[in-house]
Amino acid sequence: MDISQFRYALGTTNAAKKLAVVQATGAEPACLSVPSGVSDQPLSEEETVQGAINRAKAVLAQMPGNDIGLGLEGGLMYDDRFTQQWYLISICAAWNGESLYVGKGLSFPIPRQAAERIVREGIELRTVIDEWGNTTGSNQQGGAYALLTDGRIKRADVFEQAVTAAITPFVSAFYQ
Ligand SMILES: O=P(O)(O)OP(=O)(O)OP(=O)(O)OC[C@H]1O[C@@H](n2cnc3c(O)ncnc32)[C@H](O)[C@@H]1O
């Protein structure tokens, strides 16, 4: 089936995430805000993946006229094995009611001062990014990626690749 022929239900109304789905699929997703079931600021890969899966399943359950539920979740993870640094990760889960796949977008090092404030003060990444960039709603736009790279990488582009990875098994004949 052609990638743009599926009907996608996206578990958020976030503009950067919606743009990512449009870029990845060429289709307009039906958007509905559903709970992630994890903390507002996930602090591990496990929690971030779980949030994406919860959203994908919840949105397809609430909008059953669609073919694939998509859950996009951003989070932070600490790498204690190789680098002892914090990373921003962007995950997409895709669920068609039978099969579940997860695509993982670019993982990006986050400045230590940002991660320390988020953990110590219990605030969210977007608060720090908006403060540093003198913006509002950075999480709906280029996000941390754009601030840190001077616009060379945007949140929608990172999620686009995660979405492509998660939906490819439903689209490509090689997986059938
Ligand atoms: O509207 P929803 O779909 O909930 O999207 P969100 O951006 O608020 O929430 P996420 O669960 O994807 O991300 C968890 C937190 O990390 C923040 N965050 C993640 N990636 C970010 C980025 O690239 N720039 C700024 N904040 C980011 C985000 O705003 C949240 O506070």
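The legends below describe close-up views of a predicted model.

**View 1. Shell around the ligand.** The ligand has 20 residues around it, of which T12, G74, E124, N139 and G143 come nearest. Three elements, β3 (68–79), α4 (125–133) and α5 (143–149), each supply at least two residues of this shell. By residue class, the shell holds nine polar, six charged and five nonpolar residues.

**View 2. Helix α2 and its cover.** Helix α2 comprises 18 residues, 45–62. Buried residues of α2 are T48, V49, Q50, G51, A52, I53, R55, A56, A58, V59 and L60. The elements covering them include β1 (8–10), β3, β4 (85–95) and β5 (100–104).

**View 3. Strand β4 beside β3.** Nine of the eleven residues of β4 are buried, so the strand is largely enclosed by the rest of the structure. Strands β3 and β4 run antiparallel and are joined by eleven bridges. One of the paired positions is L72, whose bridge partner in β4 is C92. The hairpin of β3 and β4 has five residues between the strands, and Q84 there takes a positive phi near 55°.

View 4. Five bridges link β4 to β5 in antiparallel fashion, with C92 opposite G103 of β5. Four residues separate the strands of this hairpin, in which G97 has a positive phi near 95°. Strand β6 (residues 108–109) also runs antiparallel to β4, through two bridges; here Y87 stands opposite P109.

Note on methods. Residues are numbered from 1 along each chain as its sequence is written. This is a predicted model: local features need pLDDT of at least 70, side-chain atom pairs count only at pLDDT 80 or more; totals for chains, interfaces and linings use all residues. A residue is near a molecule or strand if its C-beta atom, placed from the backbone, lies within 6 Å of it. Ala, Val, Leu, Ile, Met, Phe, Trp, Tyr, Cys and Pro count as nonpolar, Asp, Glu, Lys and Arg as charged, and the others, Gly among them, as polar. The expected span of a helix is 1.5 Å times one less than its number of residues. A residue is buried if 20 or more other C-beta atoms lie within 10 Å of its own, exposed if 12 or fewer, and partly exposed in between; C-beta atoms are placed from the backbone. Two residues are in contact if their C-beta atoms, placed from the backbone, lie within 7 Å. Two strands pair if DSSP finds at least two bridges between them.
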